[in-house]
Amino acid sequence: MSAVNKNINDKDIQVILGTLLRAGVIISMTIVLIGGVIFLIHNKGVITDYKVFKPELAKFSSIAAIFKGLLTFHGDAIVQFGILMLIFTPVARIVFAIFSFLIEKDYLYVLIGLIILTIITISLNGGLAH
Amino acid sequence: MSVLLFTIIVLLGAFLAGLLGSLTGLGGGVIIIPLLTLALGVDIHYAIGASIVSVIATSSGSAAAYVKEGITNIRIGMFLEIATTVGAICGAIVAVYLNANYIAIIFGCILIFSAIMTLKKKVDHTTLDDTDKWAKFFKLNGSYPDKGTDHQYAVKHVPAGFLMMLFAGTLSGLLGIGSGALKVIAMDNIMRLPFKVSTTTSNFMMGVTAAASAIVYLHRGQIDPGIAMPVCIGVLTGATVGSKVLLKAKTDKLKIVFAIVVTFLAIQMIYKGISGL
C-alpha cells in the first residue's frame, strides 16, 4: 500500500471516529436530559440526602437493574440509562478502531484494541466492586 | 434541601466548573468534586461517581473535534490506554475500600499539583531522533498538520511513559478526575511529544479510561442519577461554551486567579480530611 493511500484511509477513519463520538455524546445526553425532566417533575419536593454514602440504597447499580427500571419509565432509570450509553460511547469507539485496524491489516493494533476491550469487560464483572 | 433546589444549584455549579475547567485546561472534575463535598456536604463517593461521568462527556465531545483535524495520534492513544484502563480499574477498586477522608486528602494534594502545573511554562521537548525501539515496534512516531505543513515527531522513553500512564490511570480511577496534568507530563516530558499532540491524545484517552472506572463505580452504586444528571449536563454545557470562548480570550491572568482558588479549595479538602480521621 502506498503512503498516500494509507493517509487517505486514516483520514476517513478519523472522520468516522469523530462523528461516532459526537453522536454518542449527543444521544446519551439527550436521554439524560429527558430522564432528568421526568425525574424532577415527580420528585421535585423530595428532600435530598447524600451526606453519607449508602451503596445498599442504589437502585440502578447493574446493567440488568437499569433495563428493568427503564420499563417502568421512572425518570431516574432513564437518566441512568443515558449515563450507561455515555459510558459505552468510548467503548464503541474502541470496537470501531479494532475494525478499522483490521481493514488496514495492522494486526498489532487489532490485538491492542482487543486487550483494552478485555480489560473493560473484566471491569464489567460487578464482583470487582464488592 | 429539596431535589429541585439541589438540582438547580448543582447545575449552575457544574456549568461554572466546566467553563473554568475548559478555559484553564484543568478540567471540570477537579472543580465539581470540591464544590459538591465542601459546599453541599455530598459524600465524596457520590461526587466522584458524578464527576467521572462528566469526564466521559467532555472528553468524548472535544475528542470528536480533534480527531477530525488529524492531530490526535490514535496509535499512541490506544497503546497507552492499556496502561490507563488497568490503572483506572485498580484505582476505582481501591477507592471502594478507602475511607472518604483519605480520598479527600489525596484529592487535595493532586489538586495543588495540577494548579502548579497549569502555571508552569511549557518547555518544548520534541525530537526527531526516531531510534527508540519500542516506538518503532508500536509505530508511535508520527506527524501532525499545523498551518498547512506537516510536522514530524519521534517518541522516546516508551516504557517510562507507559508506567507514568499506569499511575495517571490509577489516580483517575481513585479520584474520578481525568488527571490530564499527569498524562501531559508523561507525554510531553517523558515521551517528548509536541504539545498539540499530547493534549489532544490525552483527551482522546480520557473517555476510555473514565469508562473503565465508571463501570466499577456503577456496580458499586456510586453513580446516583440525582447527582450525576445535573453534573454531567452542567459540566458539558460549560465546557462547550468555554471551548468557544477560549479561541478569543486571553487566559493567562485567569489561570493565576484560578490556581489560587483551586489551591484554597485543596487546602480545605485536606483540612477536612485530616480533621475527620
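Start by selecting helix H3 of chain B: 23 of its 26 residues are buried, so this helix is largely enclosed by the rest of the structure. Keep in mind as you look around that this is a predicted model.

Now click on Ala63(B), where a kink of about 25 degrees in H3(B) is centred. Then step past the end of the helix to Gly70(B), which follows H3(B) and has a positive phi, near 80 degrees.

Next, select chain A and colour it by secondary structure. You will find four helices and zero strands, in the order α-α-α-α from the N terminus on. Of the 130 residues in chain A, 35% count as buried. Among the contacts in chain A with a separation of 6 or more, 59% are between residues 24 or more positions apart.

Finally, show both chains together. Here 53 residues of chain A are in contact with 54 residues of chain B. Which helices of chain A each supply at least two residues of the side that touches chain B? Select H1 (3–43), H3 (75–103) and H4 (107–124) of chain A to see them. H1(A) gives the largest share of that side, with 16 residues. Colour the side of chain A that touches chain B by class, and you have 34 nonpolar, 14 polar and five charged residues.

Note on methods: Residues numbered from 1 in each chain as written. Chains lettered and ligands numbered in written order. Predicted model: local features only at pLDDT ≥ 70, side-chain atom pairs only at ≥ 80, totals over all residues. Contact = placed C-beta atoms within 7 Å. Nonpolar A, V, L, I, M, F, W, Y, C, P; charged D, E, K, R; others polar. Buried ≥ 20, exposed ≤ 12 C-beta atoms within 10 Å, placed from the backbone. Bend = angle between axes of the 7 residues up to and from the residue.
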